[in-house]
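Have the picture ready and follow along.

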Amino acid sequence: MGAYVNPIYPYKSPADLMSTPPQRKPLIVIGAGPVGLAAAIDARLQGLEVLVLDDDKTVSVGSRAVCYAKRSLEILDRLGIANQACDMGVSWNIGRTFLEEDEVYQFNLVPDAGHKRPGMINLQQYHVEEMLIARALELGADIRWQHKVTAVTPHDAHATLTVETPDGTFDIEADWLVVADGARSPVRRHLCLDIEGRVFQDRFLIADVIMKADYPAERWFWFDPPFHPNQSVLLHKQSNNVWRIDFQLGWDADPEEEKKPEKVIPRLKAMLGDERPFELEWVSIYTFQCRRMTDFRHGRVLFVGDAAHQVSPFGARGANSGFQDADDLMWKLGLVIKGQASEKLLDTYAHDRQFAADENIMNSTRSTDFITPKSRTSKTFRNQVLALAKHHPFARKLVNSGRLSVPSFLTGSVLNTPDAEVFEGHMVPGAPMDDAPVQVDGQDAWLLDQVGKGFQLMLFVEAAPDARTLATLQTLKENAVPVNSLIVSRQALQVPGFQVLVDAQGWVAKRYDTQPGTTYLLRPDQHVLARWRSLDSARLQAAMARALGQVGEHA
């Protein structure tokens with residue numbers, strides 16, 4: 001057994017970036033963490049030039065964000081590293097909650113079949129960052145290590161950055177600046193921008209433990225276990241025989257004292273037994289915080305991930321919501337940079353992701369209040385719920401050891417065209433798309449792998465479309481912002497010039513409530529924009545105008 005060794009990335013002199021007057025770049029990303037790297041990769045996939053500045057020279061120290069939800073894996077599929085992450089990570093769907101030694105609650109993240117990705121994988125953040133860095137470099141992103149941004153000055157049409165390096169300080173300008181510099185965000189502080197919410201009075205110890213154990217790949221959460229009485233403990237399996245164990249300590253614990261091996265090791269031995277060999281890889285103390293910036297957009301400066309919002313770790317909502325931020329922002333920013341949409345479109349990034357942040361904060365706050373009750377009444381309620389959950393199913397729904405991250409349904413987005421017809425199911429305008437197995441050219445494939453490449457339309461048919469329908473689809477393909485169409489059928493069809501997806505198992509029809517003629521318009525980030533029971537060119541063009549942030553009536 002051996003601990004992870006952080007790679008050191010090479011420093012490159014900024015001589016090529018230094019000039020008077022300062023150089024202007026179309027897009028700069030501050031921060032080479034998971035969210036900043038996701039934004040940079042997305043930019044390169046759209047053919048945009050991107051410069052990434054980071055003040056460090058390695059990936060994160062310690063496992064940090066370890067749980068990557070199904071939606072994040074689908075985003076990473078589009079970015080090109082999901083197979084690698086899933087191969088290395090530990091897949092799981094089952095979570096168990098215990099009171100003392102008795103199981104009182106269990107959940108399954110993916111209760112039905114027909115999904116490419118598991119409900120969750122556990123993988124240390126440093127591994128994910130290594131994969132993202134390699135992918136960003138492969139795609140031609142310019143990543144500069146040991147380039148610390150010390151000042152940002154916003155202007156109407158750009159931002160000026162002051163950058164400190166081992167070879168001196170220089171200024172550089174960005175048409176657009178994406179700030180992904182973490183929870184403490186030096187840029188946010190430098191600009192004196194607010195971040196509001198709650199800091200909870202409790203502390204948890206994280207211990208990354210290297211050991212060989214035969215515990216199943218599940219999430220285990222204990223309330224009041226015999227090895228850590230009156231407190232909570234969480235156990236997760238990670239890759240390479242690393243186990244993540246979180247111990248609740250209480251607000252009065254001394255963080256520096258509790259991190260010492262002579263304090264940590266006895267806690268672990270009480271849990272694991274004296275005879276099990278293990279090695280400490282990383283230890284940290286954290287407090288709960290649930291807060292966000294009032295506005296994620298400040299002119300040409302856009303905040304993503306922990307720089308914009310923070311949640312307590314239970315529920316795995318931090319990195320997962322950050323990936324969704326980048327996913328929402330980058331297709332909009334790409335259209336703006338290419339002159340295909342007004343910069344007003346970026347206001348919808350702020351609106352939609354602020355809504356998502358509020359949803360995450362609400363769920364995270366509820367979990368935190370349940371796990372760490374702050375009054376005698378709250379603790380009595382919590383303990384009674386847990387006691388009842390042992391024997392009564394109704395109480396199990398009240399057990400909250402961390403509602404796991406799920407993507408937000410952006411039903412309030414102004415980009416959506418509201419339904420005018422009746423549909424069953426939850427693929428409403430604003431919904432993140434459900435995956436489903438399909439066949440493409442006779443080969444097994446997945447629906448989500450066929451979408452997320454710009455705006456797309458799904459048309460459901462029984463037979464090959466007629467000439468008039470094909471002409472409408474061709475017109476959409478020739479829009480200033482193209483809409484590429486997918487033909488979906490229960491049987492194989494030949495439709496020259498268009499990709500055909502065969503819904504042989506009927507999962508697409510079931511999840512999207514389809515009938516012949518049903519039409520879905522899809523965002524580049526795999527959210528539903530609009531749906532109709534028949535294809536209509538005028539309604540489609542009106543919906544696209546709306547999706548691009550242009551003023552228009554409902555179709």
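Which residues does Leu177 touch, not counting residues up to four places away in sequence? This is a predicted model, so keep that in mind as you look. The list for Leu177 reads Ile28, Ile30, Val152, Ala159, Leu161, Arg300, Val301 and Leu302. Leu177 itself is found in strand 11, which covers residues 168-179. Is Leu177 buried or exposed? At 0% relative accessibility, Leu177 counts as buried.

**Helices side by side**

Now for some helix packing.

| Pair | Angle | Distance between axes |
|---|---|---|
| Helix 1 (residues 34-45) and helix 8 (residues 318-337) | about 25° | 9 Å |
| Helix 1 and helix 4 | roughly 25° | within 9 Å |
| Helix 8 and helix 9 (residues 345-371) | about 170° | 9 Å |

Helix 1 and helix 8 pack at an angle of about 25°, and that makes helix 1 roughly parallel to helix 8. Helix 1 passes helix 8 in a right-handed crossing. On the helix 1 side, the contact uses Pro34, Val35, Ala38, Ala39, Asp42 and Ala43, and these meet Gly322, Phe323, Ala326, Asp327 and Met330 of helix 8. Sorted by class, this contact of helix 1 with helix 8 has eight nonpolar, one polar and two charged residues.

Helix 1 also has helix 4 as a partner. Their axes cross at roughly 25°, which makes helix 1 roughly parallel to helix 4. The crossing of helix 1 and helix 4 is left-handed. Here Pro34, Leu37, Ile41 and Leu45 of helix 1 meet Gln125, Glu129, Leu132, Ile133, Arg135 and Ala136 of helix 4. The residues in this contact divide into seven nonpolar, one polar and two charged.

How does helix 8 sit against helix 9, roughly parallel or roughly antiparallel? Their packing angle is about 170°, and that makes helix 8 roughly antiparallel to helix 9. Helix 8 brings several residues to this contact, including Ser321, Gln324, Leu329, Trp331 and Lys332, while those from helix 9 include Leu345, Tyr349, Asp352, Arg353 and Asn360. The residues of the contact of helix 8 with helix 9 divide into eight nonpolar, four polar and five charged.

**A covered helix**

How many residues of helix 2 are buried? For this helix, which spans residues 70-79, the count is 10 of 10, so it is mostly covered. Among the buried residues are Lys70, Arg71, Glu74, Asp77 and Arg78, along with Leu73, Ile75 and Leu76. What do they pack against? The neighbours are helix 1, strand 3 (67-69), helix 3 (82-88), strand 7 (120-122), helix 4 (125-138) and helix 8.

**A helix with a buried face**

Helix 12 covers residues 467-477, and its buried residues are Thr469, Thr472, Leu473 and Leu476. Why do they line one face of the helix? Seen down the axis of helix 12, they fall within an arc of 95°, so they sit along one face. The face turned away from that buried side carries the exposed residues Ala467 and Arg468. Covering the buried residues of helix 12 are elements that include strand 22 (455-460), strand 23 (483-489) and helix 14 (537-547).

**Backbone spots to look at**

Two residues have a positive phi although neither is a glycine. One of them is Gln146, at about 55°, and the other is Asp441, also at about 55°. Gln146 lies in the loop between strand 8 (142-144) and strand 9 (148-154), and it is partly exposed, with a relative accessible area of 25%. Asp441 is found in the loop between strand 20 (437-440) and strand 21 (443-446), and at 75% relative accessibility Asp441 counts as exposed.

Last stop: the peptide bond from Thr20 to Pro21. That bond is cis, with omega near -5°. Look for Pro21 in the segment before strand 1 (24-30).

Key:
Residues numbered from 1 in each chain as written. Predicted model: local features only at pLDDT ≥ 70, side-chain atom pairs only at ≥ 80, totals over all residues. Heavy atoms only, no water. Buried < 20%, exposed > 50% of the residue type's maximum accessible area, 1.4 Å probe, protein only. Helix = DSSP H or I, 4+ residues; strand = E, 2+ residues; numbered from the N terminus. Arc of directions from axis to C-beta. Contact = heavy atoms within 4.5 Å. Axes fitted to C-alpha atoms, helices over the stretch in contact; angles between N-to-C directions. Parallel < 35°, antiparallel > 145°, perpendicular 65-115°, else oblique. Left-handed = near helix turned anticlockwise from the far one by under 90°. Nonpolar A, V, L, I, M, F, W, Y, C, P; charged D, E, K, R; others polar.
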